[in-house]
Amino acid sequence: MSNSVFRNYIAGEWVEGPSSIANISPSDLSDVIGHYAQADAAQTQAAITAAAQGQLEWEKSGLEQRYAVLMAIGDELITRKDELGKLLAREEGKTVAEGVGETYRSGQFFHYYAAEVLRQMGETADSVRPGVEIETRREPVGVVGIITPWNFPTATGAWKIAPALAFGNAVVWKPANQVPASAWALTEIISRQQLPAGTFNLVMGPGAEVGDVLINSRGINALTFTGSLETGRKVAMATAGNLIKCQLEMGSKNALVVLDDADLDNAVECAVGGAYGGTGQKCTASSRLIVTEGIHDRFVAAVIERMKKLVVGNPLKEGVHIGAVADARQMESNLKYLALAKAEGGNLVYGGNVITAETEGYYMQPALFTETTNDMTINREEAFAPIACVIKVKDYAEALATLNDTNFGLTGGICTESLKYATDFKRNAKTGCVMVNLPTAGTDYHVPFGGRKDSSFGPREQGTYAKEFYTVVKTTYIRA
């Protein structure tokens, strides 16, 4: 846009806010990506009002119009994956390769739900009463409030926005304030589609103001949130008070179990990729490595050797495996957990140092602890950091019990050549997603995603299961 400040998008118009913030790259503090408008409570309410009007028109749109809109968004994301992936890497700190991959996957979400538009079919049934027939159909839930985190700024938005639009809803989107550029870029693509004014709205701003209006508004019909457990609880309480449909994806403390019979090379790749990919800033990261005693020493030694090959640095440079930590506050939190793990008796066997790179930013060497127990704080709380802790156990039974001994339950993985243990693990791991001989981080877009216990609340995301949240069921009785 021609203006120096990237504006919010409300009721089909680009709207200035009462203030703006500078978006500074965590990998290069001299790199100001842009200045982004901050919405206030009144603008957020205006977006909600506009969404209610736009939704009435959008739900009456033909299926082929919806299909065309979602396909066009997906096409552009994929076509521009290199450009937008680099932008994502600049503002979030992940590597360019990860940013490009996330952008491409975001395009796939829109393509998938474009196809789902054409698969919306109802059901019929006979009544228990003679001469009466029954039909069931799904209809849009209405206005959907979307609050997304900073670690996957494009993908998390895509997997919520795409099904919302596919099923005929309007959207009011509040992205994390650390990553407005990726949200603005996606919104700019959406703004050029054939959508009624108000169907899609972007309100950038602080959670304490913009988010608070969204979660407490009676003009919202459904609220989907991805973020911390603490904030998720507040969202649940606020939406429950207004009897609004709520979907929460929150924290986790995922574990990868490595048994004595595991393929060592594969187990190491699963552990390193799962624990340190994306600078460890993934809700699916495997921060607990539960290892049986027979393979423990060989596994730890091999992981350390693999970690020595990881290059930490500016994520825009080729050959870098781990980019920057998201911001100063996250770095401070990471260092706090490092110190706490040491104080509780953990043995730091590799990494954990703050790194000085060519550009000034928030760089941290990935860390590995051994001699930790499952009751340590570092193994109970989600650090969201490139820190992994090894927990030595006697056998599979103790490994499974340790994995399940947490108030979270998003993903859980196991590395083993045993069909017996793999089968038992699939059935008895108390997690929403289970991985066998794969990293805990890494999921597909066409199947359900979500966890158990404090990790998730409400209907599952992604795949056909998304319709449970984004639609309501209507049952019709007919007597001819």
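**A walk through the predicted chain**

The chain holds 14 helices and 23 strands. Helices (H or I, at least four residues) and strands (E, at least two) are DSSP runs, numbered from the N terminus. This is a predicted model: local features need pLDDT of at least 70, side-chain atom pairs count only at pLDDT 80 or more, and totals for chains, interfaces and linings use all residues. Residues are numbered from 1 along each chain as its sequence is written, and side-chain values use heavy atoms, leaving out hydrogens and water.

Start with the overall form. The C-alpha atoms fill a box of roughly 70 × 65 × 40 Å along the principal axes. A compact globule of 480 residues would have a radius of gyration near 23 Å, and the chain agrees at 23 Å. That radius is taken over C-alpha atoms; the globule rule is 2.2 Å times the number of residues to the power 0.38. Of the 480 residues, 56% are buried. Buried means under 20% relative accessible area, exposed over 50%, partly exposed in between (1.4 Å probe, protein chains only).

The UniProt record, an unreviewed entry, annotates residues 14-475 as "domain: Aldehyde dehydrogenase". UniProt positions are given in the numbering used here, feature names are shortened, and annotations may be inferred rather than shown by experiment. Over residues 14-475 the chain is 40% helix and 21% strand. The end C-alpha atoms of that stretch are 40 Å apart.

Now go inside. Helix H7 (residues 207-216) buries Val210, Gly211, Val213, Leu214 and Ile215. These residues pack against helices H1 (41-58) and H8 (229-241), and against strands E8 (143-147), E9 (170-174) and E11 (222-226). Contact here means heavy atoms within 4.5 Å.

Helix H12 (residues 396-404) has its own buried set: Tyr396, Ala399, Leu400, Thr402, Leu403 and Asn404. Their cover includes strands E13 (254-258), E14 (286-292), E19 (387-393) and E20 (411-415), plus helix H13 (419-428).

Two loop residues deserve a look. Phe384 sits between strand E18 (367-370) and E19. Its phi is near 60 degrees, a positive value in a residue other than glycine. Phe384 counts as buried because its relative accessibility is 17%. Gln462 lies in the loop between strand E22 (456-457) and helix H14 (467-470). Phi of Gln462 is also positive, near 70 degrees, in a residue other than glycine. With a relative accessible area of 2%, Gln462 is buried.

Finally, Leu63 belongs to helix H2 (residues 63-79). At 37% relative accessibility, Leu63 is partly exposed.
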